[in-house]
Amino acid sequence: MKSKYFDHAATTPVRSEVMEEMLPFFTDIYGNASSVHLPGQKAAGVVDDARQKIADLIGADRSEEIIFTSGGTEADNLAIKGTAMALKDKGKHIITSSIEHHAVLHTCQFLEKHLGFDVTYLEVDKEGFVDLEMLRKSIREDTILISIMMANNEIGTIEPVEEIAEIAEEHDILFHTDAVQAVGQIPIDVVKQNIDMLSLSAHKFNGPKGVGALYVKKGIKLVPQSSGGAQERKRRAGTENVPGIVGMGKAAELAKKEMMEKADKLSSMRDDLISRIFSDIDDVLLNGPEGKDRLPGNINITFKFIEGESILLNLNMMDIAASTGSACASGSLDPSHVILALGRSHELAHGSIRFSLGYGNDQEDIEYLMEVLPGIINRLREMSPLYAKKK
Ligand code: PLP
């Protein structure tokens with residue numbers, strides 16, 4: 001039996017069409033995209049084709065607005081540190097939310113610690129939404145950047161980015177969104193949504209790991225975060241990862257074509273799985289919103305009285321891969337900052353599990369999960385002192 005993978009928010013498998021497209025660029029067409037000779041120009045050509053495909057996926061007007069990076073983390077760093085350094089004479093205040101990925105949170109903390117910036121971390125409501133009134137009230141004379149994620153990686157909440165962008169524009173403040181979890185899952189149009197900067201990462205939409213991009217609207221100046229060659233119009237030095245970029249371009253093309261069908265399929269599987277967990281298992285809570293404001297493939301459940309880590313280990317023994325939250329934070333025993341931000345206690349945060357669905361999951365996977373999960377929860381609860389107290 002094939003193992004059941006419910007961790008697509010951590011990473012996704014590379015589609016075979018994507019890998020096929022990448023392969024020649026390791027062996028036959030291996031030029032450096034900065035070289036003037038023919039192999040180099042071939043590489044530069046495919047890099048620009050991929051740039052166009054990514055621009056098309058997110059509705060960017062110009063392919064030059066796409067800067068290739070090594071992934072979502074680097075794109076977030078470039079957007080936030082690059083803006084902070086470019087606008088430090090205008091102001092040193094940044095607004096973000098308390099449920100961002102660590103790629104954003106730790107970047108903001110770096111700016112506070114090392115460069116004297118002041119950062120407001122907006123609280124969210126019990127479903128993970130940023131409060132627009134609170135955002136308005138946090139804006140100051142010296143605010144230079146608002147960075148709020150498009151969709152949360154742990155609980156799937158889709159933030160009201162259009163409204164946030166409007167508020168940012170009213171106050172002449174730049175707006176960056178970390179859309180790493182949203183790209184390829186929900187429609188994005190940076191022009192209509194009035195987004196100034198947007199981060200994405202190929203491995204979250206069936207492309208390769210270690211490659212991503214930052215969209216930067218024409219006219220916005222960033223201070224580059226790596227010094228070196230003149231690649232990416234002097235905004236990101238370093239030889240381009242040509243095979244990776246080709247793979248990301250192909251994954252973007254497939255995502256654009258198939259996204260709506262995939263979103264319909266995954267959201268109906270998601271709702272089915274949530275309702276089956278609620279009907280087969282007692283004492284469970286859904287983290288994040290229901291319905292259309294939730295990423296199609298995201299399910300995050302607190303199983304009261306037990307530890308998420310023990311559930312994961314037991315699922316793993318049955319060949320089921322899930323997660324307690326952010327892959328980058330797993331291995332740490334701290335409860336998720338996202339679940340705590342919803343107002344849940346430490347105990348409830350410790351009992352939360354994320355199942356994230358993606359390309360390749362089918363009904364058979366759901367059936368197997370639901371065959372196994374209630375038994376695991378019952379067994380762990382029988383051993384739980386907290387559960388004994390409840391009974
Ligand atoms: N931002 C979000 C919301 C993410 O979920 C992730 C990865 O989990 C990242 C940023 C980091 O992306 P990458 O793994 O490409 O560095």
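**Notes on the ligand site and helix 4**

1. Let's begin at the ligand: helix 4 (residues 72-87) gives the largest share of the shell around it, 3 residues. Helices here are DSSP runs of H or I with at least four residues, numbered from the N terminus. Please keep in mind that this is a predicted model, where local features need pLDDT of at least 70, side-chain atom pairs count only at pLDDT 80 or more, and totals for chains, interfaces and linings use all residues. Residues are numbered from 1 along each chain as its sequence is written, and side-chain values use heavy atoms, without hydrogens or water.

2. There are 13 residues around the ligand, and Thr73, Asp178, Gln181, Ser201 and Lys204 come nearest; to be near, a residue needs a heavy atom within 4 Å. The shell divides into 2 nonpolar, 8 polar and 3 charged residues, with Gly counted as polar.

3. For polar contacts (pairs of N or O atoms within 3.5 Å), the side chain of Thr73 has an N or O atom 2.6 Å from a ligand oxygen. A polar side-chain atom of Ser201 also lies 2.6 Å from an oxygen of the ligand, while for the side chain of His101 the value is 3.5 Å. The protein buries 89% of the 390 Å² that the ligand exposes when taken alone (Shrake-Rupley method, 1.4 Å probe).

How values were computed. A polar contact is a pair of N or O atoms within 3.5 Å; within protein, one must be able to donate a hydrogen and the other to accept it, and residues adjacent in sequence count only if both atoms are side-chain atoms. Helices (H or I, at least four residues) and strands (E, at least two) are DSSP runs, numbered from the N terminus.
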